[in-house]
Structure formats: C-alpha cells, structure tokens
Number of protein chains: 2
Amino acid sequence: MISDKMKAFVNGSSAIRAMFEDGKKMAAIYGAENVYDFSLGNPSVEAPEEVKQAAIEVLNNTSPNVLHGYPNNVGFEDVRLAIANQSNKQHGTSYTENNIVMTTGAAAAINILLKSILNPGDEVIVFAPYFGEYKSYIGNYDGIIVTVSPNTKDFQPNLAELNSKITPRTKAVIINTPNNPTGVIYSAKTLSTLADVLKDRQKEIGHPIYLISDEPYRELFYGDFEIPFVPDFYDNTFIAYSYSKSLCLPGERIGHLTVNSKVDGFDDMISALSCANRISGFVNAPNLWQKVIPKVLDCSVDVSIYKKNRDTLYDILMELGYECVKPDGAFYVFPKALISDDKAFCDAAKEFRLLIVPGSAFGCPGYFRMAYCVSHETIVNSKESLRALKEKFSR
Amino acid sequence: MISDKMKAFVNGSSAIRAMFEDGKKMAAIYGAENVYDFSLGNPSVEAPEEVKQAAIEVLNNTSPNVLHGYPNNVGFEDVRLAIANQSNKQHGTSYTENNIVMTTGAAAAINILLKSILNPGDEVIVFAPYFGEYKSYIGNYDGIIVTVSPNTKDFQPNLAELNSKITPRTKAVIINTPNNPTGVIYSAKTLSTLADVLKDRQKEIGHPIYLISDEPYRELFYGDFEIPFVPDFYDNTFIAYSYSKSLCLPGERIGHLTVNSKVDGFDDMISALSCANRISGFVNAPNLWQKVIPKVLDCSVDVSIYKKNRDTLYDILMELGYECVKPDGAFYVFPKALISDDKAFCDAAKEFRLLIVPGSAFGCPGYFRMAYCVSHETIVNSKESLRALKEKFSR
C-alpha cells in the first residue's frame with residue numbers, strides 16, 4: 001500500500017543513514033571506542049555555551065504566547081531583520097527582513113524552493129559528487145536531476161559540461177560550497193565562470209535559471225581566505241543556510257533561505273515560498289530556535305577542532321598512500337577507493353570496523369567519503385584500520 | 001517562474017492566514033483592544049509553566065551533542081517509548097516505540113503519511129466542514145480530495161454519503177475530532193458506523209482504506225465524557241497528534257504520528273514514513289521539544305479558560321439570535337451566516353471590527369467560524385459588534 005514513488009525513494013534510500021544505523025549496531029557489539037564511524041555528518045563539537053544561555057534567556061524573558069504562538073509562515077520579522085543585517089555587514093548587501101525566509105533547516109529551504117518553481121519534467125542540474133538527498137528533493141516535485149560528471153582533478157565543477165547540459169527545461173542549478181562530500185570550496189573564478197554560463201544561457205532560453213547555493217558549511221573552512229559570496233556573481237541566487245553545522249544544532253532544524261533582491265519575480269517568489277512552507281507541513285521554523293538566532297549570530301563552533309581533525313586525517317591518508325584532494329572546508333574528505341567498486345570497498349572496510357560511505361551515494365563511484373566530525377582520538381585510532389584496509393587491496 | 005501547481009496553491013491560499021494578516025493591520029489602526037479577531041486558532045492560554053521548566057532542565061542536563069545531534073529520522077527512542085506508554089495507560093493499547101513517529105506537528109504527520117501512500121489520482125475522503133489545509137496536503141501528492149457534504153443538523157459526519165463516495169481509488173479517509181471548525185466531537189456511535197462502512201468497503205475493493213484521525217484538540221473538551229479512541233473501532237488507523245493545542249506550542253512544531261499496530265503493512269509503512277520525514281526536508285522533529293514531551297505528558301493547558309470562553313460566546317450568540325450547534329470541544333464555534341454568501345458576510349463583519357472566517361474555507365458555505373482562543377474580554381466586548389452585524393442583516 002506504499003505509493004510507487006515512495007517505494008522507489010525507500011529502495012534508493014540514504015546509504016548514509018543506513019550506515020548510521022549499522023554504526024550503532026557495531027558499537028553495541030565491539031564497543032563504541034573500537035568502531036571508527038566516519039559515516040554521518042553529525043557534528044562532534046558541542047554547540048557553543050552561548051546557544052544554551054540564549055535559549056534559556058528566551059524561555060525566561062519572552063511571554064509564552066509570543067514565544068510559542070504561530071508566527072508569520074516566513075518567520076518572526078525581528079529575527080529575519082537581524083539575519084538580513086548580518087548579511088549586510090558581512091557581504092555589503094542591502095537586504096531587509098523581506099529577503100529572509102526562516103526554515104526548518106537547509107533541507108526545508110531547498111524543498112520549499114523546488115516546490116515553488118518546478119513543473120513536472122523541469123530539470124535541475126547538480127555537480128557530481130553531490131549531496132545524495134538532492135535527488136530526492138528534486139524528485140519530490142517530479143523534477144529531473146541532471147548530473148554534471150565529476151572533475152576528479154580538484155573537484156571544482158566541470159563548467160564546460162554544465163554548458164552542454166543546459167536545456168530549455170533547465171530551471172535551476174544547485175551548488176554546495178564548502179562541498180559535501182569533497183570539502184572543496186568553489187573559487188571566485190569558478191563562481192564567476194559559472195555565472196557567465198548561466199547569464200548567457202538564461203538569456204538564450206528566455207527564462208531565469210535559478211542558482212541554489214546550499215551553504216550549511218559556510219563557517220567551516222581551514223585557512224586564511226574568504227568564502228566567495230554567490231550573489232556577488234549572479235543575481236538569480238538563493239542561499240539555503242542552516243545553523244546545523246555552524247552552531248552544532250542539526251537536530252533542532254533551524255535555518256533560512258536568503259532570496260537575493262535581484263531574483264526574477266521576487267514578490268511572487270516570496271508569496272510562493274511562504275505558501276509552500278505552510279502547506280508542506282513545516283508551517284514555520286521552530287519558534288524558540290528562531291528567537292535564539294539573533295542572540296548568537298556572532299557565535300560559531302570552534303573550527304580549530306575540525307581543522308586539527310582534517311590535518312591529522314589527511315596526513316594519515318597521505319602517509320598510507322591514499323589519494324585525495326586536500327579539503328579546505330566542511331568536515332569531509334573524499335579519497336579514491338582502492339578498487340573501482342566503491343560499494344564493495346566500503347563493505348570490506350567494515351571488516352576493520354571502519355564505516356565509510358561509497359562515492360556512489362554522491363553520484364561519484366570509485367571514491368569514498370569520510371566525515372571527520374568525530375573525536376580526534378577516533379581519527380588517531382583508526383590509522384591501523386585504514387592501514388589494514390590499504391594492505392588488503394595492495395596484495 | 002512559479003510552478004503551475006504552486007500558483008494554484010497560492011491563489012487558493014489560506015483565507016484564515018490572510019485574515020490573520022488583516023487582523024494585524026486592523027489592530028494597528030484601531031488598537032488591538034478594539035478589534036475582535038476570531039480568525040486564527042492561535043492559543044490564547046499560556047503554555048503550562050512546567051513546559052518552560054522542562055525545556056530549561058533539558059538544556060541544562062543533556063549533553064549538547066546528544067540533545068542537538070541528529071536522532072533517528074523517526075525520533076528519539078526514549079521519547080517515542082514514553083508516548084507509547086502513555087497511550088497504553090490511557091487507552092489500553094500495547095504500543096511500543098515502534099508505533100510512534102515524532103513529527104514537526106500534525107501537519108507534518110499528515111503530509112508524510114499522504115506522501116507514503118498516495119499515487120497520483122488516488123482519492124482521500126474528507127467530511128465538510130473540514131480543515132481547509134487538507135486540500136493542499138492531499139494535492140501535494142497529486143491525490144484527489146473527495147468531499148462528503150455537511151450534515152448541518154449536528155455536524156456528525158454523513159456516513160451514508162461516505163459509503164456512496166468510496167471507489168476503488170479510495171486510499172484514505174481523514175477525520176478530525178474534536179472538530180475544526182465545528183467544535184463537534186464524533187460520537188462512539190459515529191465511529192462505530194464509520195468503521196463498519198470502511199471494513200465492508202475495503203474488503204470489497206480489495207485494499208486497505210486508511211483512516212487518518214487528526215487529533216490536535218484531543219484534550220480540549222468541555223464536559224464530563226470521554227473522547228472515543230479511534231483505533232478501538234478500526235484497525236487501519238493512524239493518529240496525527242500535535243502538542244500545539246494541548247500545551248499551547250503551535251510555533252514550536254512538535255507532534256507525532258501514531259501508527260496502530262494492526263495497520264496493514266505496518267513495517268513497510270514505518271520505513272516509508274521514516275524516509276518521507278527525511279526526504280521531505282523535515283529530517284526529524286525538533287530535538288529539544290522531543291525531549292521536553294516525556295516530562296510534560298501529564299500536563300495540559302487550563303481547559304477551564306476555553307470552557308468559560310465557549311460558554312460566554314455561545315450564550316451571546318444564542319441571545320442575539322444566531323443559530324449554531326453547541327461545540328463540545330476544540331476552541332471553535334461554527335454558526336450559520338445571516339446571508340447565504342458567507343464571504344460577503346465575513347467581509348461585512350469587518351465593518352464592525354469583527355474578524356471571522358467564511359465557512360467556504362472549510363468546504364461549508366453559508367456558515368462562519370469563530371476561534372474563541374482569545375481573551376475573555378475580547379468575547380465580552382465583541383457582543384455589540386455581533387449585535388450590530390445581526391441587525392445589519394435583519395433589516
């Protein structure tokens with residue numbers, strides 16, 4: 001009695017989540033300290049203390065009916081204004097509360113946007129490797145996912161191929177930078193060329209191509225550089241943002257969609273997004289967490305912990321002879337599998353109590369993802385398992 | 001650039017929400033105390049103090065990574081178990097954590113269920129007057145809403161007509177008791193007859209007809225009686241529950257779906273619901289509120305406040321000569337409009353600073369809904385406006 005579409009979703013369901021459940025089982029058998037679970041992007045760093053204090057302050061100092069009652073479907077005005085002002089300060093935008101739609105995380109932000117724009121058969125382009133859930137999100141609204149093949153040299157997107165894949169049915173392009181699963185940050189040059197392609201082609205096909213920039217990892221980068229701001233390059237940009245990673249709150253489901261002022265059909269878009277938020281069953285982003293955000297906009301997770309993990313894991317992988325592009329952000333590394341069948345490779349890794357995710361789950365077979373948002377000890381202790389895995393396939 | 005489907009949703013969008021915005025504008029002009037806003041079911045009673053204390057306790061005493069990290073997509077096991085146990089105590093069920101899927105409110109619960117079961121063109125039957133959002137929820141998955149006409153005598157559902165509207169495409173029936181917008185509680189006799197019809201007809205058509213019981217108002221009733229427990233009457237039952245009304249937390253988006261143990265295809269259903277929760281972008285119900293629920297399961301809003309409002313408003317309506325069925329639950333009353341055009345009637349009411357919602361928004365023209373989850377003063381002070389409205393249409 002399950003719908004046909006849902007059966008397909010369940011069958012093709014998240015390999016990562018399945019592994020998350022595997023990990024819990026293995027931890028029960030071998031002890032958590034003997035399982036090296038690199039499967040899920042569940043932050044290991046704790047939410048900043050300020051987040052807790054802000055939540056308690058909001059609970060203590062806000063009238064319950066204001067705090068817990070229905071807000072506008074797009075969220076509290078004061079919260080949206082605070083977020084707009086932060087963008088103005090950081091990126092020199094001139095946003096107001098009207099540019100911000102509060103959502104139950106970036107996943108909701110992308111869903112309400114795709115629901116608002118996709119007719120059945122419309123195409124959405126993604127760059128492999130890509131976050132596997134995009135396929136479901138696009139499928140939810142009967143859109144067609146169109147994949148640009150990976151550029152395994154440096155995992156910057158393959159823009160020549162993008163150009164060849166745009167058709168009159170192209171409605172949107174999704175990018176994700178810092179990237180899950182590669183940890184690569186799209187450069188200003190990449191974004192500039194990407195924007196040129198999209199500007200040319202939307203003019204040619206006669207309707208906007210929306211660029212959806214999925215940025216839950218914006219604050220997580222490990223070097224002395226700036227992450228380019230996508231609307232600086234392309235007007236028709238939406239940013240799906242989440243506080244899941246920057247504040248270590250993935251289970252609380254709080255984020256927002258930034259609608260750039262120069263998006264084509266801005267007013268209709270906001271009406272559609274508000275309606276989509278309501279009728280999809282989100283109704284509004286959870287109020288308490290909305291009210292917490294303005295108080296912690298200047299807080300962030302301690303990125304140095306992830307950097308240390310990145311450095312240690314990358315060094316181990318290099319020492320053992322794995323091949324991978326050094327990640328500059330997020331908390332993932334995406335090495336090459338030692339056999340072409342990445343699923344068999346990740347299955348074999350379980351023998352060494354290593355949980356790693358096949359690149360196929362990201363549309364990029366032959367690779368695997370390790371989420372290094374784990375304790376530093378886990379990384380250090382996983383070395384012998386990573387060595388054994390290497391040796392198994394070097395014989 | 002808005003999708004065709006979304007355009008239709010926006011155009012047919014919630015009359016109630018539009019009125020909510022009207023109300024805010026009118027309050028700014030006339031002063032909030034001079035506007036009698038009966039439009040939205042936004043609880044006026046405050047969340048019990050225990051809720052705040054429980055939230056602070058959870059924040060103070062739970063490790064941030066456990067509290068805020070990704071749980072299973074169906075929710076925390078301990079929370080689901082506590083809710084199952086409460087059902088077992090109250091209703092004599094034998095539920096475990098496996099019967100409970102935590103959701104971001106009842107709206108999400110209904111959406112993930114409909115997503116799990118509906119193929120395009122499948123029919124879902126509702127009884128007018130019905131909560132207008134059902135139309136969108138069903139449309140989200142390309143289902144067809146089939147409406148059973150209202151029984152305006154006592155607003156118990158018209159079960160003879162139900163029988164005539166079941167077809168081989170019928171996948172589900174939605175009921176809502178205590179009812180929005182009528183405040184009527186479906187009797188045991190109603191549920192028993194309803195169950196008989198569904199049992200006969202699902203046998204005849206050869207596949208299950210699922211009964212979705214939407215119960216956000218379960219705790220809100222004003223008399224010395226029990227609200228019948230729907231799974232006692234019919235095996236293929238799901239309960240969409242929300243803490244929005246029982247604990248006055250509508251903006252926090254916390255509820256659950258109860259999947260009765262005897263639902264056909266139970267295991268597949270749970271897999272589908274878990275997947276639907278994830279890919280729709282909910283991912284999981286907000287963690288903090290999940291963790292609060294077991295601590296406040298025995299708490300409830302002070303129902304006597306709503307009862308007093310119900311009594312006062314009903315008495316005023318009777319005294320002024322309005323016609324309506326006395327509501328036994330929820331916080332709505334659904335009187336007959338004084339002209340057949342209920343939209344024109346509700347527009348006219350604005351002249352007297354009365355915000356009331358046309359019955360058309362609930363598939364029941366010729367009536368109007370008043371949400372009496374307002375201050376008692378608002379009800380008392382609205383009397384002269386209700387009188388003036390009556391006189392306007394009695395001339």
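User: How far apart do the C-alpha centres of domain 1 of chain A and domain 2 of chain A lie?

Analyst: This is a predicted model, in which local features need pLDDT of at least 70, side-chain atom pairs count only at pLDDT 80 or more, and totals for chains, interfaces and linings use all residues. Residues are numbered from 1 along each chain as its sequence is written, while chains are lettered from A and ligands numbered from 1 in the order in which they are written. The two centres lie 26 Å apart. Domain 1 covers 4-48 + 301-392 and domain 2 covers 50-296 of chain A; such bounds come from an automatic or database domain assignment.

User: Why is the relation between chain B and chain A called that of a two-fold axis?

Analyst: Chain B can be laid on chain A with an RMSD of 0.0 Å by a turn of 180 degrees and a shift of 0.0 Å along the axis. That is the relation of a two-fold axis. The superposition is by least squares on the C-alpha atoms of residues with pLDDT of at least 70 in both copies.

User: Which residue of chain B comes closest to the rotation axis?

Analyst: B:I56 does, at 3.0 Å for its C-alpha.

User: How do you know that the copies meet through the same surface?

Analyst: Of the interface residues of chain B, 100% are also interface residues in chain A, so the copies meet through the same surface.

Technical notes: Contact = placed C-beta atoms within 7 Å.
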